[in-house]
Amino acid sequence: MEIEFCDLKKQYGYMKEEIDEAVSRVISRGDFINGREIKLLEEKCKDFVRAQYAIAVSSGTDALLISLMALDVQPGDVIVTTPFTFISTVEVITLLKAKPVFIDIDPNTFNLDCDKLEQYLNTTKEKVKGIIGVNIFGLCCDYNKIREIIKGRDIFLLEDGAQSFGSMYNSKMACALGDISITSFFPAKPLGCYGDGGMIFTDDINLAEKAKMIRNHGQIKKYTHNLIGINGRMDTIQAAILLVKLKHFDKEISNRVKNKLFYNRFLHPLINDKTIRIQRVEKDWESVVAQYSIIVDRREELIEWLSKNKIPTAIHYPTPLHLQPAFEYLGYKERDFPIAEYLSKHILSLPFDAYKSKEEIEFITRTIYQKIYKV
Ligand SMILES: *Cc1c(COP(=O)(O)O)cnc(C)c1O
């Protein structure tokens, strides 16, 4: 059996006619920038996450950057976040010459440890400007708890929902849980386009207006630039593709949840005897499972065995951000964040998408058993 890590070609096969038609419509019309589909997509996405405003942008990274600019982050401002995330989350802080402060993660959810966050806020002498919560692998941070902790402190909450478009937090949708929230439509994310794309969400009209201006060179009208901005627009073609994919997205989410449950069920004995650990999802939270990741000892041996059996895997992420060379100047060292470091050494993502069959997942898990139990 030949297994893809994330099979985007198979997905395209199901939607080929609709997507080809949508793309050629844009090309025939020629409104490649700020075309008709941008507004339509913003409308649909804002209704989907139940936010007041949605702003389509060029990537998840730019969505983060524009959000921080709209929040008026200045050089030296302290922004608290997790070291267990993709580089973008922290890259944008440092691009603005602000100062990232890391807090270790919770060993069960892999998200910001709220107790440690509270402890930091209670003891630090620094003025904290904001917090970036990252919904890792699709699982939301505990935003009610974070809100409680920052109540009355004048700290903004930015939700990095790049991996969680479609996830639920109690009865709320992910990507509408921060003062400002973002997602990414990178091809391999739960909802992906055919290139780069992202979206900003907020209920705050001032932030929305500002973000809209920053996205388009700070323009209030053509050639009048009120703010310093960037070129952060989404291509009309990407919006057209996303509009098609959005029609199939509810079905894909239920497929993703179903496939997660297949994995959980087939791996149950290993999870039960703690040979394998998985992310703990609270009752009433639902993750779109951006990655199905396991924690396992002797990871490298398992990777080799799976690869020998034509099963691709990936590591999200092999190095926590406080140990990245680019952030060496921040002065962190090994053992500063033991949970994040442990995870980076033991986490392993297994093949996952909405179109994997039960048989494929059974084959993958059977191959894992062969290695671990030598059967
Ligand atoms: C993918 C990702 C981003 C960046 O999104 P791009 O669209 O690739 O720029 C930011 N944060 C997290 C947590 C991500 O996983």
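Buried, for a residue, means under 20% relative accessible area, exposed means over 50%, and partly exposed is in between (1.4 Å probe, protein chains only). At 48% relative accessibility, Lys-310 therefore counts as partly exposed. What you're looking at is a predicted model, where local features need pLDDT of at least 70, side-chain atom pairs count only at pLDDT 80 or more, and totals for chains, interfaces and linings use all residues. Residues are numbered from 1 along each chain as its sequence is written, and side-chain values use heavy atoms, with hydrogens and water left out.

**Aromatic pairs**

- There are 21 aromatic pairs in the structure; rings of Phe, Tyr and Trp (its six-membered ring) pair if their centres lie within 6.5 Å, and planes under 30 degrees apart count as stacked, over 60 as edge-to-face and the rest as tilted.
- One of them is Tyr-12 with Tyr-194, an edge-to-face pair at 6.1 Å centre to centre with 80° between the planes.
- That pair links distant parts of the chain, 182 residues apart: Tyr-12 sits in helix H1 (residues 8-29), and Tyr-194 in the loop between strand E8 (180-184) and strand E9 (198-202).
- Helices (H or I, at least four residues) and strands (E, at least two) are DSSP runs, by the way, numbered from the N terminus.
- Tyr-12 is partly exposed at 26% relative accessible area, and Tyr-194 is partly exposed too, at 33%.
- Then there's Phe-102 with Tyr-332, a tilted pair at 5.2 Å centre to centre and 55° between the planes.
- Phe-102 lies in strand E3 (residues 99-102) and Tyr-332 in the loop between helix H11 (299-308) and helix H12 (338-346), so this pair ties together parts that are 230 residues apart in sequence.
- Phe-102 is buried, with 3% relative accessible area, while Tyr-332 is partly exposed at 23%.
- Ring pairs also link up a cluster made of Phe-48, Phe-165, Phe-185, Phe-201 and Phe-249.

- Some background: most residues other than glycine have a negative phi, and most peptide bonds are trans.
- His-316 and Tyr-317 are joined by a cis peptide bond, with omega about 0°, and Tyr-317 lies in the loop between H11 and H12.
- Lys-310 isn't a glycine, yet its phi is positive, about 60°; Lys-310 lies in the loop between H11 and H12.
- Arg-335 is also a residue other than glycine with a positive phi, near 80°.
- You'll find Arg-335 in the loop between H11 and H12, where Arg-335 is exposed, with a relative accessible area of 70%.
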